[in-house]
Amino acid sequence: MATATLTKPAAKGGSFLLETPQPSDVFTPADLTDDQKLIGQTAEEFVVQEVLPVVKELENKKPGLMPELVKKGGEVGLMGGGVPEEFGGAGLDKISTTVLTEKLSIYGGFAVTHGAHAGIGTLPIVYFGTEAQKKKYLPKLATGEWIGAYCLSEPQAGSDAQNSLTRAELNNEGTHYILNGQKMWITNGGFADVYIVFAKVDGEKFSAFIVERTFPGFKPGNEEHKMGIHGSSTTPIFLENCKVPKENLLHEIGRGHIVAFNILNAGRFTLGASCVGGSKHVLMTASRYAKERKAFGKQIGDFGLMKEKLAEMAIQIFAVESMVYRSAGNIETAMTAASGSGDKIQNTMKVLEEYAIESSIAKVYGSEMLDFVVDEAVQIFGGYGFHEEYPVCRAYRDSRINRIFEGTNEINRMLIIQMLMKRAMGGQLALIPAAMKLADEILAGPSFEEAPEGVLAAESRVVANSKKMFLQAAGGAVQKFREKLADEQELIGALSNIVMEIYAMESSLLRAQKAAAAKGESASQTMIDAAPRFYQRRLRACRARSQARHCGYPRRRHAHHADGRAQAFRQARARGHHLLAPPRCRRRAVAGPLPPRRPLADCAFWQCGSANSHSPMPSQARWGHFPFWNACT
């Protein structure tokens, strides 16, 4: 199959914070080949013709209906996109699987079922299975004859996956592992045939196993009563002396976390693509309703506030779609470059790990964008949007889960900064030299550069300055909190938000610039208008977050801190200031004048891990030693 890829080497994961790519360097949906578009068309037609007509029955959990749809999808090649051709799959490239995922995500219940089966339920065997395991399981999983599931969460271990209590012990004969424990929130749990189950061998070594539904001691529980995605199956799984053949150990004993977290990296990116597909369908539904519904003698879509809602929905979808396909292009280019030498599967895993930051961004930003879109759609529908007979009501309920599974958005925000800092300290990402250069630039005073030229050139310059804003904020944060920064989750979250906004702004601008270069400004005017509109709003958010927590200044009690409110009130009254004054005035009234900022070059963070051997930071303060991060890697 023809594959659209970039001719230049792929950018390294996270390097978008340091580099200024050209529009021609990024992949956009306009670069899809005819074959890739045909894959998307086939997937969309399947959902429209086979799934949507039976949504009501799926929501009511008609027995056997969803497994039947999975098998039908397998017959037309929709379930084996990630399975190599030699094992009966389609062996699709990363861009094609992204298109496939997007187009299958019109209905949330089916999208979740497909993702749990073709993604996290099958890929562990693709990437980590032995040759015998692949030959036994992959052909049937690729056709939908067997359905897969992924069993990681437990009642007491959700985000803290390695706190698993499920045990696996080798029997006296050495032929079977005996599994005991319980898994929770298992998608496809009610009808799957093959389950990827995580357990601790001898209660200590976190490992993965391939467990079949027919194994003695394996029992799915009753269906959970969920807020949304009613069409999908979600059950607990009970393992009571479950006998699993020794050869069904997946990967190595004690290396289950490698399986779990690498598969979740792939799943997070896929979830971002799924959110794009779901949001496009909701926007189309809301737009159609705005044209049909009349109030005050005219279509509601003619009113300014309705136009604004629809436009803002479209702009945010445009931004996430730009990010997702930019990342897909980089991943595919990197995979193509790595395929020439070494083990193909190991190379694939290295590439997925390389773009773990972008995968978390796609998951967080995509899921929160979808939440915004469905919320606005309900508002456009008004009272009817609150009624179960209308599709936006279901979409609103279905959307909420995306911010929870594949690692909560809070965990992913922490991971984005963790991965950036670890790569910086390891020398894989040149954040430290960039920060030192920025410090020199700040100390040198303002520069008088020529005004930029070209389409959206001024906006591109603002994005470049936003990257400097992140470097300065991150340096100040570590200077202030040092080894205790790991406990400042609010600050880490704010820094992560800046990173995500930068990637979204830049991806949107590059896509618009690339379209203008290819088709001309007049033909690309909608994109040219959309990109600045998006970046202006996100830039304000970046500025606010970069000022959050007063990075670089000693901690002091402020009127807006709950623990200091009473003390601040007394101090302010003694000085004759009123607490209803603007926030900046209140801070000065309570805390007094702000101290001079130390040059960024003096920040211990940027010296730590470099050639500077007399770094004032203790070794245990280095990012790689922060315990909550080690638990996630």
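In this predicted model, strands β2 and β3 form a hairpin with five residues between the strands, and Gly-174 in that hairpin takes a positive phi near 75°. Strand β2 comprises residues 167-170 and runs antiparallel to β3, to which four bridges join it. Strand β2 is also joined to β4 by two bridges, and these two strands run parallel. One residue pair from each pairing is listed below.

The loop between β3 (176-187) and β4 (194-201) holds Asp-193. Asp-193 counts as partly exposed because its relative accessibility is 25%, a value between the limits of 20% for buried and 50% for exposed. Apart from neighbours within four places in sequence, Asp-193 contacts Glu-145, Trp-146, Ile-147, Val-211, Glu-212 and Arg-213. Thr-214 lies 21 residues from Asp-193 in sequence, and their C-alpha atoms are 7.9 Å apart.

The nonpolar interior may be described next. In soluble globular proteins, nonpolar side chains tend to be buried together. Here the largest nonpolar core contains 120 residues, and Leu-420 and Phe-470 have the most contacts inside it. Helix α8, spanning residues 256-292, gives the most to this core, contributing 16 residues. A second, separate core has 41 residues, including Phe-110, Leu-179, Tyr-195 and Phe-218.

Leu-420, with its neighbours within four places in sequence left aside, is in contact with Gly-14, Leu-17, Ile-357, Leu-429, Leu-431, Phe-470 and Val-499.

Note on methods
Residues numbered from 1 in each chain as written. Predicted model: local features only at pLDDT ≥ 70, side-chain atom pairs only at ≥ 80, totals over all residues. Heavy atoms only, no water. Buried < 20%, exposed > 50% of the residue type's maximum accessible area, 1.4 Å probe, protein only. Contact = heavy atoms within 4.5 Å. Core = buried A, V, L, I, M, F, W, Y, C linked by side-chain atoms within 4.5 Å. Pairing = 2+ DSSP bridges.
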